[in-house]
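Reader: Hey, I've got a protein model open and I'd like to talk it through. Can you help me make sense of it?

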Amino acid sequence: AVITNNTQDHLGEGGINTLEDLTKLKGTLVETVKPTGYAVLNADDELTLTLKEQTTGQVILFSLDPNNPELLKHSVDGNVIVTLIDGSLIIQKGPLVSTVAKVTEIPLTFGGNALFNVSNTLAAVAATYALGLNEKQIRAGVISFSPSIGQSPGRMNIIDMGTFKVMIDYSHNIGAVKATGQMLPFVAPGKKIRMAVGTGNRRTQDILDFGASLAEYYDHIVITDTDPRDRAPGETCELVREGLIKAGFSKENIEIIIDGREATQKALKKASDGDIVVLQADDIQQVIQDVLDYKAILTQQFLLDKEN
């Protein structure tokens, strides 16, 4: 069992109304681990750590901070930990330390700038170690897996459009907005343009907060409604817009386009040299195809201009 975090996304569903409720629910995973199995837990998440005592299996802790007190205590007790030392991912059991790879060698981390994916990689390293793989086998996996449309469609796929870049990512909650938003300046220096989708079956306040979270990272936002779920068409768009405005975002830089494909085109056409367009893909394959089609048009136009 692997538990990476506990965040407010999905609260209000199925009688789960607090983070403590959600942690208890996730605890059923570690409770099912047999004594011969492993529970992999994030030592950087306080609530996740509370699950440590709920399993009869062996516990592996991972952390971005090698000086995390819980991590150090776990290691002193002779247990396995996975963390970072001098920019490298390591597995440690007692005095034995195995180096897996440098963070900068791992494509998912974007040169170490995507800290959330560094953490996710630590979890994956811990899980594969628990399954019996050695550090060489694990290294082969983490350095060869990339956030590409071929290997990980819809998860931080960056497509170079020539003069600007596009990121396709299903970042539908506040945690994901913050995680991707913080690394955007490392990807492109220009304006940050976003196509955003509210998730209809979330609590009203959560959708408002989602809108507010976008305000910190983007310059222009196109709101669409490809995932209305339990709400009337367009309702989540208005809530996201309200959250943006309450957070101080300019009304002039917000557009609402209900049709997802039309919204994709609008966001792409807003881009200038050096910009990045982040597309929150619901229908991932369709968005990928629309971006590739648009890139083909831009390439054709570039070649025609060059000939003339």
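This is a predicted model: local features need pLDDT of at least 70, side-chain atom pairs count only at pLDDT 80 or more; totals for chains, interfaces and linings use all residues.

Reader: Ok, and which side chain does Arg 231 meet in a salt bridge?

Author: That's Glu 235, with 2.9 Å from N to O. Glu 235 itself counts as partly exposed, at 33% relative accessibility.

Reader: Why would two side chains like that pair up at all?

Author: Side chains of opposite charge can pair when their charged atoms come close.

Reader: How many salt bridges does the structure hold?

Author: Nine. One of them joins the side chains of Asp 77 and Lys 73, at 3.6 Å from N to O. Another is between Glu 242 and Lys 246, at 3.0 Å.

Reader: Where do Glu 242 and Lys 246 lie?

Author: Both are in helix H8, which covers residues 235–246. They sit four residues apart, and that's about one turn of the helix.

Reader: And how exposed are Glu 242 and Lys 246?

Author: Glu 242 counts as partly exposed, at 32% relative accessibility. Lys 246 counts as exposed, since it reaches 63% and exposed means over 50%.

Reader: What does Lys 295 touch?

Author: Leaving out residues up to four places away in sequence, Lys 295 touches Ile 159, Asp 160 and Met 161. Lys 295 is partly exposed, with a relative accessible area of 29%.

Reader: Let's switch to loops. Where is Thr 109 found?

Author: Thr 109 is in the loop between strand E6 (96–102) and helix H4 (115–130). It's buried, with a relative accessible area of 1%.

Reader: Which residues does Thr 109 touch, then?

Author: Not counting residues up to four places away in sequence, they are Val 103, Ala 114, Asn 117, Val 118 and Thr 121.

Reader: What about the phi of Phe 110?

Author: Phi of Phe 110 is near 50°, a positive value in a residue other than glycine. Phe 110 is in the loop between E6 and H4.

Reader: And what's the phi of Met 156?

Author: Met 156 has a positive phi of about 55°, although it isn't a glycine. You'll find Met 156 in the loop between H5 and strand E7 (157–160). Met 156 is buried, with a relative accessible area of 4%.

Reader: Let's zoom out. How many helices and strands does the protein chain have?

Author: Ten helices and twelve strands. Of the 308 residues, 46% count as buried.

Reader: What radius of gyration does the protein chain have?

Author: It has 21 Å, which agrees with the value near 19 Å that a compact globule of 308 residues would have. The C-alpha atoms fill a box of roughly 65 × 50 × 30 Å along the principal axes.

Reader: How much of the contacts comes from residues 24 or more positions apart?

Author: Such residues account for 58% of the contacts in the protein chain with a separation of 6 or more.

Reader: Last one, what about the surface and the charges?

Author: The protein chain exposes about 14,900 Å², and carbon and sulfur atoms supply 52% of that. As for charges, there are 28 positive and 39 negative ones, and their mean positions are 3 Å apart.

Terms used:
Residues are numbered from 1 along each chain as its sequence is written. Side-chain values use heavy atoms; hydrogens and water are left out. A salt bridge is a side-chain nitrogen of Lys or Arg within 4 Å of a carboxyl oxygen of Asp or Glu. Buried means under 20% relative accessible area, exposed over 50%, partly exposed in between (1.4 Å probe, protein chains only). Helices (H or I, at least four residues) and strands (E, at least two) are DSSP runs, numbered from the N terminus. The radius of gyration is taken over C-alpha atoms; the globule rule is 2.2 Å times the number of residues to the power 0.38. Contact means heavy atoms within 4.5 Å. Accessible areas come from the Shrake-Rupley method with a 1.4 Å probe; for residues, only the protein chains shown count as cover. Lys and Arg count as positive and Asp and Glu as negative; His and the chain ends are not counted. The place of a charge is taken as NZ of Lys, CZ of Arg, CG of Asp or CD of Glu.
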